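Hi,

Here is the model I said I would pass on.

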Amino acid sequence: MQSTSSNPIAAREAGQTHCACGAAFPIHEKGYCGSSGYAVLPDGRKICYACADKQQIEELQDRSKPFGAYVSGDGQTITSWTGGRLMDVTQSWPCTLTRRSNWHSSKSYRSFRARDVHGKLWYGRGSAGVCITLRPMNG
Ligand SMILES: [Zn+2]
């Protein structure tokens, strides 16, 4: 597998126009407010969505901490913020909020169980179409 960190400093200084994988970033006019077409890493490097997805899929292997991801609008899939498929929801059921919450609709609030692309299980709570926190599940 090709390393994405082949020469990050040079890439950053060159006003990066391409991802390390070779994909060109889309050029948008000033005022464009859709998706940028690339992600910016904490160190300032830009990567394309495909690489961002790949990276998030790799991060799933670290099961020592919770993972933030989006529930698809139909509630069937867990995706990265760039839209890549990370997990399939295996089970979901309405869950009762234990205390009153203003920003969650209690009707759409559900518990989710999902199996990631590596075959590992996660669980979380939230609503379809929003970012939720998933925690590793044993078994
Ligand atoms: Zn890329």
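Two residues are in contact here if their C-beta atoms, placed from the backbone, lie within 7 Å. By that rule, among contacts in the protein chain between residues at least 6 apart in sequence, 44% join residues at least 24 apart.

Some housekeeping: this is a predicted model, with local features needing pLDDT of at least 70 and side-chain atom pairs counted only at pLDDT 80 or more, while totals for chains, interfaces and linings use all residues. Numbering starts from 1 along each chain as its sequence is written.

On to the fold. The protein chain has two helices and eight strands, in the sequence pattern α-β-β-α-β-β-β-β-β-β. These are DSSP runs numbered from the N terminus (helices are H or I, at least four residues; strands are E, at least two). Six of the strands close into a barrel, in the order E3-E4-E5-E6-E7-E8, with antiparallel pairing. From one strand to the next the twist averages 40 degrees (axes are lines fitted to C-alpha atoms, for helices over the stretch in contact, and angles run from 0 to 180 degrees between N-to-C directions).

Strands count as paired if DSSP finds at least two bridges between them. E5 and E6 run antiparallel and share seven bridges, with Val89 opposite Ala114 in E6. E6 also pairs with E7 (residues 121–126), again antiparallel, over six bridges. Across that pairing, Phe112 faces Gly124 and Arg113 faces Tyr123. The E6–E7 hairpin has four residues between the strands, and Gly119 takes a positive phi near 90 degrees there.

How much is buried? Of 139 residues, 20%, where buried means 20 or more other C-beta atoms within 10 Å of a residue's own (12 or fewer is exposed, in between is partly exposed; C-beta atoms are placed from the backbone). A nonpolar core is then a set of buried Ala, Val, Leu, Ile, Met, Phe, Trp, Tyr and Cys residues joined through C-beta atoms within 7 Å. The largest one has 13 residues, and Ala69, Ile78, Ala114 and Leu134 touch the most other members. Strands E3 (67–71), E5 (85–94), E6 (110–116) and E8 (131–137) each give two or more residues to this core. Apart from it lies another core of eight residues, including Ala39, Ile47, Tyr49 and Cys51.

Helix H2 (residues 49–59) has Tyr49, Cys51, Ala52 and Asp53 as its buried residues, and these pack against strands E1 (38–40) and E2 (46–48).

Cheers
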